[in-house]
Amino acid sequence: MESIRTPHIHTINRASLRESLEHGGCGECQASCQSACKTSCTVANQQCKRQERRSPETKRGAAV
Amino acid sequence: MVHTFEALGLKLALDVGSGALHQLDGIAYDALNPDPAERARLLSRYPTEEGAAIAAELDELRKSGALDAPDDYDASLLSEPGVVKAMCLHAAHDCNLSCRYCFAREGTYSDPSRSRMPVEVGKAALDWLIAKSGSRRALEADFFGGEPLLNLPAVMEIVAYGRKRERETGKRFSFTITTNALGLTDSAIRFINDEMDNCVLSLDGRREVHDRMRPDAGGRGSYDRALDGALRLVGGRGDKSYYARGTFTAFNLDFTNDALALADAGFAHVSVEPVVAFGDEPYALRPEHLPRILEEYDTLAAAYVQRRREGRPFSFFHFNVDLENGPCLRKRLTGCGAGNEYVAVTPEGKLYPCHQFVGREGWEIGDATTGAFDADAQRLFANNHVLNKPDCRACWAKYFCSGGCCANALAMNGRLDKPYELGCATQRKRLELALAIAAMDY
């Protein structure tokens, strides 16, 4: 996704949570506690499996 | 709700309702100051035309839905409970280490018999999961303990059974394992690297830190043995996922050095987690440690960025945020799914909401060997989502952490829906740094 720059603001991502309602909710993603922590709860560092299948070449931000 | 913050030299604004992240210059940052009086004072320092220009930019963002977007999502978005798709299989309530900070009491979960999961219980658990998974195809089973390698022959048979059931049902098991790395023989490594989609290797970082908290039953440090096994496993793992996972305590609040020690030892994927301890143990994290912990995350993030600039990057679990392909809103509302879509299974087949509940009186919610499952308990956990947690309503991080770990909430506050504040504060700090690191990529 292209980021957007105006004179004072650089919009890094416009990802809309509300829009994710259109495609989300399939439940195929990982349970967050099955990852590395086992002691906390973070979903933000997970990926959407549906999006991942759709456009693997555009993945950014994860596993940096 | 808009959260403005500074991290790693960047001025940033997160729009909570939309998930949009903005990097700001000085005037834009001032124009989003949450205090109206302070905002007016700050903006009075700029020429009038600049103030008007920034106001116009912010208005455009509001019109596009990327600023001040409504975040009044409601629970009607969530599906009815019923499906279970992930489980933590306690392969052994036994361990070959005597870690001082173990929340499971040296891996036994207070089980004096130090039991190990029979193959038939593991098979029954997978069958139960398949039966409870509805239309979900991707299922997860994490081998945990105690130390699961103490029961490796059973783990191997259970995985083989899972593969057979995949062919019969069209489901796909993602098997993972969490190990202290002491039992990593060549054949164990081959098995894990062939079959496990993720492997969590428990190593605390610096030798002296590791050995202080992770002795064996004889009191000897385990660092050298664990490191050797873990490196041999990683060396044969290719690009499959793994984490070298440490624990920090009050004894090593300078845990940046442990994360870097793991990276320097040869691990590309690192996680260092706060200890789970709520008593008066000397290693427990307490509120007075919080300023030091937050400062240390700043130090870790700076070192993380520096390593990337030097061309020797490593990944740190809590600094990974996927801004474009991240989880959908429904996932963000429901979190880890403990007790709802995720359960833990004891060696005898008893079901608990998650591994941290195992052995806690009153929290057994079923039996995988008989198929019994407490639907009321599942509904209780399903309803314990972030929208139903009063303390989370005004928190900017609510759609990143989903209201935090309910096991920690229960242990600290005596209720599932009141988050553990020390955990919240550290989570918010890690998220700010993760967002700043992500912004640097654009």
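The sulfur of B:C406 sits 5.5 Å from the closest cysteine sulfur, the one in B:C336, so a bond is out of reach; a disulfide here needs two cysteine sulfur atoms within 2.5 Å. This is a predicted model, where local features need pLDDT of at least 70, side-chain atom pairs count only at pLDDT 80 or more, and totals for chains, interfaces and linings use all residues. Side-chain values use heavy atoms, with hydrogens and water left out.

**Cysteines**
- B:C406 counts as buried at 7% relative accessibility, where buried means under 20% relative accessible area with a 1.4 Å probe, protein chains only.
- Over all chains, the structure holds zero disulfides.
- B:C328 is in no disulfide either, and its nearest cysteine sulfur, that of A:C48, is 6.1 Å away.
- B:C328 is also buried, with a relative accessible area of 9%.

**Chain A against chain B**
- The contact (heavy atoms within 4.5 Å) takes 52 residues from chain A and 83 residues from chain B.
- About 5800 Å² is buried between the two chains, and carbon and sulfur atoms give 53% of that; buried area is the accessible area (1.4 Å probe) that two parts lose on being put together, summed over both.
- One salt bridge turns up across this interface, the term being a side-chain nitrogen of Lys or Arg within 4 Å of a carboxyl oxygen of Asp or Glu.
- The side chains of A:R18 and B:D72 form a salt bridge, at 3.5 Å from N to O.

**Chain A itself**
- Of its 64 residues, 56% count as buried.

Notes:
Residues are numbered from 1 along each chain as its sequence is written. Chains are lettered from A and ligands numbered from 1 in the order in which they are written. Buried means under 20% relative accessible area, exposed over 50%, partly exposed in between (1.4 Å probe, protein chains only).
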